[in-house]
Amino acid sequence: MVKLPVRVGGLLLGLAMSCGTVLGHGDVQPQPVDTTGLDSLGTEWKDKNPYLGNARAIEIGTSGYAQNCARCHGLQMISGGLAPDLRYLPTGKEGDEIFIERMRHGAVINGVTKMPVFDGIISQEALWSIRSYLESKHEE
Ligand code: HEC
């Protein structure tokens with residue numbers, strides 16, 4: 001069962017008020033994600049999603065995404081055009097590699113941070129959970 005993110009109301013408000021600013025300088029406040037119930041992964045980055053298809057990871061990733069990514073990539077991954085629509089990210093290892101690259105380096109375009117780095121800010125467990133959620137919503 002997918003739990004409705006508790007913060008959706010606040011998030012929408014935040015979206016309306018801060019999206020321009022957020023995109024301007026990439027200054028976001030990452031939200032902690034509770035990963036209780038998942039195997040720990042250690043500090044070394046895995047090269048592919050260790051939680052692929054894991055129902056608990058998808059559940060955790062659903063709210064992790066809503067809290068940390070939706071303001072730019074769109075609620076429920078439906079992008080309003082501010083940032084790429086992540087439903088079309090490739091599946092499997094190809095998509096995992098793009099994902100890892102972004103988590104580690106974010107996106108800096110012409111010296112402006114368009115997407116912050118999440119590696120070291122949000123746990124690897126939480127990030128792979130978000131990846132599991134993305135892949136569960138994949139579209140061709
Ligand atoms: C402040 C806005 C912002 C936030 C927050 C943000 N992103 Fe992004 N993201 C972007 C932008 C803008 C791009 C496109 C950068 C480019 O064109 O190179 C991007 C690109 C990506 C890509 C590459 C997409 C592709 O098709 O190549 C992935 C994957 C991604 N983001 C995942 C995430 C995840 C997962 C989160 C949450 C943990 C997140 N992003 C949070 C703005 C954001």
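Because the model is predicted, local features are reported only at pLDDT of at least 70 and side-chain atom pairs only at pLDDT 80 or more, whereas totals for chains, interfaces and linings use all residues. Residues are numbered from 1 along each chain as its sequence is written, and side-chain values use heavy atoms, with hydrogens and water left out.

**Figure 1. Overview of the protein chain, with its five helices and two strands.** Along the sequence these elements follow the pattern α-α-α-α-β-β-α, where helices (H or I, at least four residues) and strands (E, at least two) are DSSP runs numbered from the N terminus. Of the 140 residues of the chain, 43% count as buried; buried means under 20% relative accessible area, exposed means over 50%, and partly exposed lies in between, as computed with a 1.4 Å probe on protein chains only. Among contacts between residues at least 6 apart in sequence, 73% join residues at least 24 apart, a contact being heavy atoms within 4.5 Å.

**Figure 2. Crossing of helix α2 (residues 55-68) and helix α5 (residues 124-136).** The axes of the two helices come within 7 Å and cross at roughly 95°, which makes α2 roughly perpendicular to α5, a description applied to angles of 65 to 115 degrees. The axes are lines fitted to C-alpha atoms over the stretch in contact, and the angles run from 0 to 180 degrees between N-to-C directions. On the α2 side the contact is made by Ala57, Ile58, Ile60, Gly61, Thr62, Gly64 and Tyr65, and on the α5 side by Ser129, Ile130, Ser132, Tyr133, Leu134 and Ser136. By class, this contact has seven nonpolar, six polar and no charged residues, where Ala, Val, Leu, Ile, Met, Phe, Trp, Tyr, Cys and Pro count as nonpolar, Asp, Glu, Lys and Arg as charged, and the others, Gly among them, as polar.

**Figure 3. Surroundings of the ligand, with Cys69, Cys72, His73, Arg102 and Met115 as the closest residues.** In total, 21 residues surround the ligand, a residue being included if one of its heavy atoms lies within 4 Å of the molecule. An N or O atom in the side chain of histidine 73 is 2.8 Å from a nitrogen atom of the ligand, and a polar side-chain atom of arginine 102 lies 3.2 Å from a ligand oxygen atom.

Figure 4. Not counting residues up to four places away in sequence, serine 132 touches Asn49, Tyr51, Leu52, Ala57 and Ile58.

**Figure 5. Positive phi values at glutamine 76 and asparagine 110.** Most residues other than glycine have a negative phi. Glutamine 76, which is not a glycine, has a positive phi of about 50°; it is placed in the loop between α3 (70-73) and α4 (92-105) and counts as exposed at 57% relative accessibility. Asparagine 110, in the loop between β1 (107-109) and β2 (112-115), likewise has a positive phi, near 50°, and at 76% relative accessibility asparagine 110 counts as exposed.

**Figure 6. Loop residues serine 40, glycine 120 and serine 123.** Serine 40 lies in the loop between α1 (8-25) and α2 and is exposed, with a relative accessible area of 66%; its C-alpha atom is separated by 6.7 Å from that of glutamate 125, 85 residues apart along the chain. Glycine 120, in the loop between β2 and α5, counts as exposed at 72% relative accessibility, and its C-alpha atom is separated by 8.4 Å from that of arginine 104, 16 residues apart along the chain. Serine 123, found in the loop between β2 and α5, counts as partly exposed at 31% relative accessibility; serine 123 and glycine 42 are 81 residues apart in sequence and 9.6 Å apart in space, C-alpha to C-alpha.

How values were computed: Angles under 35 degrees count as roughly parallel, over 145 as roughly antiparallel, 65 to 115 as roughly perpendicular and the rest as oblique. A polar contact is a pair of N or O atoms within 3.5 Å; within protein, one must be able to donate a hydrogen and the other to accept it, and residues adjacent in sequence count only if both atoms are side-chain atoms.
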